[in-house]
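Hi everyone, thanks for coming.

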Amino acid sequence: MARDDPVPSQTASIKNANTNGNEADTDALPNLVTIVGRGVPSRFEIAVDGEIEMVGGDPEREATVVTEKVAEGSIDVGVQRFRFSGEMANVRVVDWNGVPAPESASTPNVHVDYGVPGR
């Protein structure tokens, strides 16, 4: 399986680079949230009290907006991953009709893991 590389948020800056000029390792963003699509177009919004970055995806291609503290986008099949620091502040997922979880069985699954080491 290929490893996913972090995609810096739009607000990522020099503070996220190490002394070699390479992207910082996952120690700066130790937590992981995974959005798993269920085959139905759905929308999600994730807010954290630290920073958040998309992992191994192209935000433009996936129509995902990633700012310093919020990621929002759509998913129908597949997986989208985000690394973040701090605590999860809010998660909102709705199906294609705008029905939120848990009322809709079509909303994507959301998995949050704290303290996930880098790969």
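First, some ground rules. This is a predicted model, in which local features need pLDDT of at least 70 and side-chain atom pairs count only at pLDDT 80 or more, while totals for chains, interfaces and linings use all residues. Residues are numbered from 1 along each chain as its sequence is written, and side-chain values use heavy atoms, with hydrogens and water left out.

So, what does the secondary structure come to? The protein has zero helices and nine strands. Helices (H or I, at least four residues) and strands (E, at least two) are DSSP runs, numbered from the N terminus. Of the 119 residues, 35% count as buried; here buried means under 20% relative accessible area, exposed over 50%, and partly exposed in between, with a 1.4 Å probe and protein chains only. Among contacts (heavy atoms within 4.5 Å) with a separation of 6 or more, residues 24 or more positions apart account for 76%.

Now to the strands. Two of them pair if DSSP finds at least two bridges between them. There is an open sheet of four strands in the order S5-S6-S3-S8, with antiparallel pairing. Which strands sit at the edges? They are S5 (65–66) and S8 (88–95), each pairing on one side only. S3, residues 42–48, pairs with S8 over seven bridges in the antiparallel sense, and Arg43 has Val94 in S8 as its bridge partner.

Let's turn to S7. S2 (residues 31–36) pairs with S7 through six bridges, antiparallel, and there Thr34 has Arg81 as its bridge partner. S4 (residues 52–55) also pairs with S7 in the antiparallel sense, over four bridges, with Glu53 standing opposite Arg83.

Glu53 takes us on to Val66. These two are 13 residues apart in sequence and 6.8 Å apart in space, C-alpha to C-alpha. Val66 lies in S5 and is buried, at 4% relative accessible area.

Next, please find Ser42 in S3. Is Ser42 buried or exposed? It is buried, with a relative accessible area of 3%. Leaving aside residues up to four places away in sequence, Ser42 touches a list of residues including Gly73, Ile75, Val94, Trp96 and Pro108. A polar atom of the Ser42 side chain also lies 3.0 Å from the backbone oxygen of Val40.

Finally, the aromatics. The structure holds two aromatic pairs. Phe84 and Tyr114 make an edge-to-face one, 5.8 Å centre to centre with 80° between the planes. Rings of Phe, Tyr and Trp (its six-membered ring) pair if their centres lie within 6.5 Å; planes under 30 degrees apart count as stacked, over 60 as edge-to-face and the rest as tilted. Phe84 is in S7 (residues 79–84) and Tyr114 in the segment after S9 (109–113), so the pair ties together parts that are 30 residues apart in sequence. Phe84 is buried, at 0% relative accessible area, whereas Tyr114 is partly exposed, at 43%.

Notes: A polar contact is a pair of N or O atoms within 3.5 Å; within protein, one must be able to donate a hydrogen and the other to accept it, and residues adjacent in sequence count only if both atoms are side-chain atoms.
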